[in-house]
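Please have the viewer open as you read.

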Amino acid sequence: MYTQALNARDAVAQPLSAEETAKSAAFQARVDDEQRIEPNDWMPEAYRRTLVRQISQHAHSEIVGMLPEGNWITRAPSLKRKAALLAKVQDEGGHGLYLYAAAETLGVSREEVVDQLLSGKAKYSSIFNYPTLTWADIGAIGWLVDGAAIMNQIPLCRCSYGPYARAMIRICKEESFHQRQGYEIMLTLSAGTAEQKALAQDALNRWWWPCLMMFGPPDGESQHSDASTRWKIKRFSNDQLRQKFVDATVPQAHFLGLTPPDPELAFDEASGHWRFGEIDWEEFRQVLAGNGPCNRDRLRVRRKAHADGAWVREAALAFAEKRRARKADAEKQAA
Ligand code: FAQ
């Protein structure tokens, strides 16, 4: 069975026995040697819990992340735009499903992690609590949100946990296509009428700072980074990835003829980096506490979708039970 569902221990922290200390050392040596950890390999309980937390929150982000763009499927400006947006939103749903499957290999059930989302206990990315007010937001999400997601996720393709790393390879390929379709929308708007260009600038103004927050709290306040770096789940810190994103994205904004909404943004010749202004971490804390512009609406919509889908889950279970009973009957008759 490709899971630890039957052999995962209770998550209560206990002092390590001599045997577990030896196992922990052997585990860390494998990680240091860049070997992949697979579902039935021994792993420290804290490593397993960290992965369940991160992978399930990542899965929830993909699923909740369908909502802001889903808002524009019926209002896309052309058939071509509608088809591309529909496919992108479906891709995000697929990413959520691979990631739930990767989390399940660590001994949690899909129901358990979905319940954590619906009860408001589990986090999902702060960025999906902002509204999509105009069509330009669809371009900005593809360009900036998928751009930030790729920056964070490419290193996850080398994460020490095999199922997560492998899921990320396909996800990153799809996200990079999403990023290009978003940038192409921004290119079209920026090269369009003055009104279209103003929409593009307004979308950049509203998405820029929340995108910088996507990378998580500053390194000094990141509670999980030390352990995740030691375990090679994280390869770069939150601040390093944020800086890489700014460095890659500012020239793209300038190519569009747009200006990121940060008067302190300046190129530092000595370091080769774009320096940026202070992030409003209070806004980030408020969004995480459930007080962002769309938090309540996002959870309301997800809860309704879950309730509306109950009959599908019941039908699938009934069908599986019928097949199991038929197979058992056939085996009995054959014996
Ligand atoms: N939003 O100690 P750290 C996408 C929480 S997918 C909400 O630094 P860590 C695709 C963090 O969970 C976007 N919460 O944590 C798409 C922790 O709280 P906890 C999602 C955040 O794990 C595109 C606490 O703060 N991507 O966009 C955020 O070491 C377009 C302390 O933080 C992933 O999930 C935040 N932004 O580093 C879909 C990537 N940041 O759990 C649709 C995988 C931090 O103790 C449309 N995840 N927190 O209660 C990661 O790489 C990491 O989990 C980080 C955070 C970097 C997000």
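## Two packed helices

Helix H6, residues 136-153, packs against helix H8, residues 194-213, at an angle of about 30 degrees, and their axes are 9 Å apart. Helices here are DSSP runs of H or I with at least four residues, numbered from the N terminus. Axes are lines fitted to C-alpha atoms over the stretch in contact, and angles run from 0 to 180 degrees between N-to-C directions. The crossing of H6 and H8 is right-handed, a term for a near helix turned clockwise from the far one by less than a right angle.

On the H6 side, the residues that meet H8 include Ala136, Asp137, Trp143 and Leu144; among their partners in H8 are Leu199, Arg206, Trp207 and Trp208. Contact means heavy atoms within 4.5 Å. By class, this contact of H6 with H8 has 14 nonpolar, no polar and two charged residues. Ala, Val, Leu, Ile, Met, Phe, Trp, Tyr, Cys and Pro count as nonpolar, Asp, Glu, Lys and Arg as charged, and the others, Gly among them, as polar.

This is a predicted model: local features need pLDDT of at least 70, side-chain atom pairs count only at pLDDT 80 or more, and totals for chains, interfaces and linings use all residues. Residues are numbered from 1 along each chain as its sequence is written, and side-chain values use heavy atoms, leaving out hydrogens and water.

## The ligand site

An N or O atom in the side chain of Lys123 is 2.5 Å from a ligand oxygen, and a polar side-chain atom of Lys234 lies 2.7 Å from an oxygen atom of the ligand. A polar backbone atom of Ser126 is 2.8 Å from a ligand nitrogen.

## Trp209

Trp209 also belongs to helix H8. Trp209 touches Pro261, Asp262, Gly277, Glu278 and Ile279, not counting residues up to four places away in sequence.

Note on methods: Polar contact = N/O pair within 3.5 Å; in protein donor to acceptor, adjacent residues only side chain to side chain.
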